[in-house]
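Subject: Model for you to look at

Hi,

Here is the structure I promised to pass on. Please open it next to this email.

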Amino acid sequence: MDYDVIVIGGGPAGATFSRIAAQGGMNVLIVDKRKELGVPVRCGEGLGVGEVIRQDLDLPRACYSTPIDGAKVIAPNGKSIVWANDDTKGWVLERKIFDKWLCELAVDKGAHVKTYTRALEILKDGNGKPAGVKVSHGGRDPYEIRAPLIVSAEGMESLMARQMGFKTVHSLYDVDTCYQYEMKPYNHENLIELYFGNSMAPRGYVWIFPKCDKKANVGIGIGGNVVNGKKNGGIDGAAPKPLLDEFIKNNEQLKDASTLLDFGGVISVGAPLNEFVKDSCMVIGTAAKQVDPIHGGGIGLAMETGVIAAKVAIKAHEKKDYSKDSLYEYEKIWRSEPGKICSQRLLLRKVLEKVSDDDLNHIFNQISQPDLQQIMDGNFAPSVAKVLVGRPQLLGILSALRS
Amino acid sequence: MIKIKHEGCILCVGCSSVCPTNAIEVVGTRMQHFPERCINCGLCVKICPANVITMCKDAEKKADIQK
């Protein structure tokens, strides 16, 4: 065997896993298909302080563009609620630098990284269990690397995870399609701004993430099931770029601003995979669809998962037992901790997408910052009660939140 | 069949993530379509945030490949 574990993908999940695993005495290799880690950026780049503090990391200044205090959510009629407290602090990152830094931390602990190295195929042993990866560096002749444990941290694409038998294909209902510009100038208040409205962003929202020097990431995400065309209940002409352009045209500050960068992507906003482990393999991070279904954020969750999975991998390594049973502890811990919050948020997402703009305005009128905090903590009942006063007809939609 | 306009592609791999048959993958620095695996379901066309994937006639596809 060449290594104890091969990690496919050097994003936040893969790099965090590798750091902890290497620290625990495992011989780790990360392969990443990209020439440069963190590029292309496909993300709004927001990260809360929580996971960085819990993992006792000292985020270098270069890794983030600007610190943020919290979020401002804006109703279709323009009414806004600010949600800012100690727990909502965070950063808008520079993913290019952040991802590389996380990989460097793993290297500091003894992990190996190979960039521009694409995993082509999962090698199987005589019993059909994964036993290595066939890779190619920069499109050159493929070669084989062997390890008793393969970790897929591939993100949205997750083709190797599919080869290992995980059902990582997304349905349109479970993704948002997004387009984003980096724009300047935009005067912000160190708050992430989230604009809701079914005509502006059907089954999604527009975000403005502040960056340094009066820059901002201005993006839109809309539901994959409503995008492009009336077929399957979609909305004709609902595509992320034209809708974002429309939003910008109507925004006093942004209509004359310049765009510095165009990018986009598809994010997972559905339920996590139905299994995260099989014999000799684990799936972590966005590849396992471990993403917050409300905002599509996955960096903090990926880092948290990296630690959980690596601790279980170290135990498996010590016992020399990489069976599904041995690795299952990771899945069990994940589903009982971060997974609980994810399923509450999924429930909330599914309820919110049924609410009309007018109802949304009513909800924003009824709730305040502490209510918003409770909602994000998964305690829906008090806010539901407030909203139902004056609009009992919403009971049908909101009752799902009262269980 | 589908056709990808590579100039506008932002390499987000959204199409790969919804493709039920792994018929689109990143190869080198661009998305490549594997027509032999494609079942013409059109999910990639719908989901593409940059609107660079379109449905086309099979004959058009052949002409595109030969280019």
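Below are notes on cysteines, aromatic rings and charges over rings.

Please keep in mind that this is a predicted model.

Cysteines first. A search of the whole structure finds zero disulfides over all chains. Take Cys15(B). Its closest cysteine sulfur is in Cys12(B), 6.3 Å away. A disulfide needs the two sulfurs within 2.5 Å, so that gap is too far for a bond. Cys38(B) is in no disulfide either. For Cys38(B), the nearest cysteine sulfur belongs to Cys44(B), at 6.5 Å. Cys15(B) counts as buried, with 9% relative accessibility. Cys38(B) is buried too, at 17%.

Next, the aromatic rings. How many aromatic pairs does the structure hold over all chains? There are nine. One of them joins Tyr205(A) and Trp207(A). Tyr205(A) is buried, at 8% relative accessibility. Trp207(A) is buried as well, with a relative accessible area of 8%. Both residues belong to a cluster linked by ring pairs. Phe196(A) and Phe209(A) are also in that cluster.

Last, charges over rings. In chain A, Arg335(A) lies over the face of Phe276(A), 4.2 Å from the ring centre. In chain B, Arg37(B) lies over the face of Phe34(B), at 4.3 Å from the ring centre.

Best wishes

Key. Residues numbered from 1 in each chain as written. Chains lettered and ligands numbered in written order. Predicted model: local features only at pLDDT ≥ 70, side-chain atom pairs only at ≥ 80, totals over all residues. Heavy atoms only, no water. Buried < 20%, exposed > 50% of the residue type's maximum accessible area, 1.4 Å probe, protein only. Phe/Tyr/Trp six-rings, centres within 6.5 Å; stacked < 30°, edge-to-face > 60°. Lys NZ or Arg CZ within 6 Å of the ring centre and 35° of its normal.
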